[in-house]
Amino acid sequence: MPIPEFVAALRSHVGTDLLWMPGVTGVVIDDDGRLLLGQRADSGQWAVISGILEPGEDPAVGLAREVLEETGVSVRVDALTGVTVTPVVEYPNGDRSQYLDLCFLCRPVSPAAAAAAHVADDESLAVAWFAPDDLPADLAASTSERLGHALGYLADPTAGPFFVR
């Protein structure tokens, strides 16, 4: 997974010091209630689709871009369902980052868009739709939390978004 140019430019100044980054996550649900997950190339775990925003990029636009780039699925971003801060992440090269994550509920723009799901970049080993009660056992911990927020929002939209420390 290549480092975005703007992050590489920042790293040239700060080295491996902690970077605070804006992240976005999409809980994508199709018309049958299935969830779109990607099996991450870096960890092998299944996770909701996520990424970082480019400088000045609107979060919903950036998320739709990330979902399309990673899975080939065009989505409509419907609602903000969670705002969280990740633990500090240390990468194999020593870089450290922490993310303010904005989690959104999304829907494919059409059944044909949902059917287009495939591995579309080098960030995923596999991409698939799963019923909420039949998720893979090797699910990333952050995905469980984000799914809880999004599914809680679906159950009661007046209760969200969820803000968690």
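The dialogue below takes the cores, then the cysteines.

Guide: The model is predicted, so local features need pLDDT of at least 70 and side-chain atom pairs count only at pLDDT 80 or more, while totals for chains, interfaces and linings use all residues. Residues are numbered from 1 along each chain as its sequence is written, and side-chain values use heavy atoms, with hydrogens and water left out.

Visitor: Which residues touch the most other members of the largest nonpolar core?

Guide: In soluble globular proteins, nonpolar side chains tend to be buried together. A nonpolar core is a set of buried Ala, Val, Leu, Ile, Met, Phe, Trp, Tyr and Cys residues joined through side-chain atoms within 4.5 Å; buried means under 20% relative accessible area, with a 1.4 Å probe and protein chains only. Here the largest core has 16 residues, and Val 28, Leu 36 and Val 67 touch the most other members.

Visitor: Which elements give two or more residues to this core?

Guide: They are strand 1 (19-28), helix 2 (59-71), strand 5 (75-85), strand 7 (96-108) and strand 8 (124-130). Helices (H or I, at least four residues) and strands (E, at least two) are DSSP runs, numbered from the N terminus. Strand 7 supplies the largest share, three residues. A second, separate core has 14 residues, among them Ile 29, Leu 35, Cys 103 and Leu 105.

Visitor: How many disulfides are there?

Guide: A disulfide is a pair of cysteine sulfur atoms within 2.5 Å. The count is zero. The sulfur of Cys 103 has its closest cysteine sulfur in Cys 106, 8.1 Å away, which is too far for a bond. Cys 103 is buried at 1% relative accessibility, and Cys 106 is buried at 0%.

Notes. Buried means under 20% relative accessible area, exposed over 50%, partly exposed in between (1.4 Å probe, protein chains only).
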